[in-house]
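Subject: Structure for your review

Dear colleague,

Please find below the structure that I am handing over to you. I would be grateful if you could look through it before reading my notes.

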Amino acid sequence: MPLRKDRSQPTPARLSRAEPVEIWKARKFIEQHSDEELSLTKVAKAVNISPNYLSEKFKKVTGVNFVDYVAHIRTEKARDLLEDVDLRTSEIAFAVGFQSLSQFNRVFKKLFRKSPTEFRARLLKRSTRQRIRKPAR
């Protein structure tokens, strides 16, 4: 049997290891709509499966539950925005989809072991050091 040159086509072996399509669609929906209010029901409806099935399958496939996954996506986006010193932490929290500043601070600290303010301060300190080390041209 000749080797298949087109690797985009799934083979039986790839299909058995591939992420189920409904979970892939759910993750994509979450990433595209993470700045909105998201619920398990809303995402399940978007990918046309039941919320209970989505919850069970999501945890099994990704290794994290739905709520933790959404929080992770949002804090990753927030982490990038913290580099912009013109944005207040509260603006960032709401822009990435958190419903309250205290929830954002709590989740961010849980995931990054620093508050958003401490994280930003460390970023600024690091960038200042890098500017000082660069030789003048």
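The notes below go from the overall fold to the cores, the helix packing and some individual residues.

Overall fold

Please bear in mind that this is a predicted model. The chain contains 8 helices and 0 strands, and its pattern along the sequence reads α-α-α-α-α-α-α-α. Of its 137 residues, 28% count as buried. When contacts between residues at least 6 apart in sequence are considered, 55% of them join residues at least 24 apart.

The nonpolar cores

The largest nonpolar core has 15 residues, and the members that touch the most others are I30, L38, V43, L54 and F58. At least two residues of this core come from each of α2 (21–33), α3 (40–46), α4 (51–62) and α5 (66–81). A separate, second core is made up of 12 residues, including F98, F108, F112 and F119.

Leaving out residues up to four places away in sequence, F58 touches I23, R27, I30, G63, V64, N65, F66 and Y69.

F119 belongs to helix α8 and has a relative accessible area of 15%, under the 20% limit, so it is buried. Apart from neighbours within four places in sequence, F119 has contacts with R79, L82, F108 and K114. Of these, F108 is 11 residues from F119 in sequence, and the two C-alpha atoms are 9.5 Å apart in space.

For α2 and α5, the angle is about 40° and the axes are 10 Å apart. These two helices are therefore oblique to each other, and α2 passes α5 in a right-handed crossing. On the α2 side the contact involves R27, I30 and E31, while α5 contributes F66, Y69, V70, I73 and K77. Sorted by class, this contact of α2 with α5 holds 5 nonpolar, no polar and 3 charged residues.

The arrangement of α2 and α4 is as follows. Their axes cross at roughly 95° and come within 10 Å, which makes α2 roughly perpendicular to α4. Here E22, I23, A26, R27 and I30 of α2 meet Y53, L54, K57, F58, V61 and T62 of α4. By class, the contact of α2 with α4 has 7 nonpolar, 1 polar and 3 charged residues.

R27 and I30 of α2 take part in the contact with α5, and R27 and I30 are also listed in the contact with α4.

Two residues with positive phi

Most residues other than glycine have a negative phi. Two residues in loops are worth checking against that background. N48, which is not a glycine, has a positive phi of about 65°. N48 sits in the loop between α3 and α4, and its relative accessibility of 70% is over the 50% limit, so N48 counts as exposed.

R113 is also a residue other than glycine with a positive phi, near 60°. R113 is placed in the loop between α7 (101–112) and α8 (116–133). With a relative accessibility of 72%, R113 counts as exposed.

Yours sincerely

Terms used. Residues numbered from 1 in each chain as written. Predicted model: local features only at pLDDT ≥ 70, side-chain atom pairs only at ≥ 80, totals over all residues. Heavy atoms only, no water. Core = buried A, V, L, I, M, F, W, Y, C linked by side-chain atoms within 4.5 Å. Buried < 20%, exposed > 50% of the residue type's maximum accessible area, 1.4 Å probe, protein only. Helix = DSSP H or I, 4+ residues; strand = E, 2+ residues; numbered from the N terminus. Contact = heavy atoms within 4.5 Å. Axes fitted to C-alpha atoms, helices over the stretch in contact; angles between N-to-C directions. Parallel < 35°, antiparallel > 145°, perpendicular 65-115°, else oblique. Left-handed = near helix turned anticlockwise from the far one by under 90°. Nonpolar A, V, L, I, M, F, W, Y, C, P; charged D, E, K, R; others polar.
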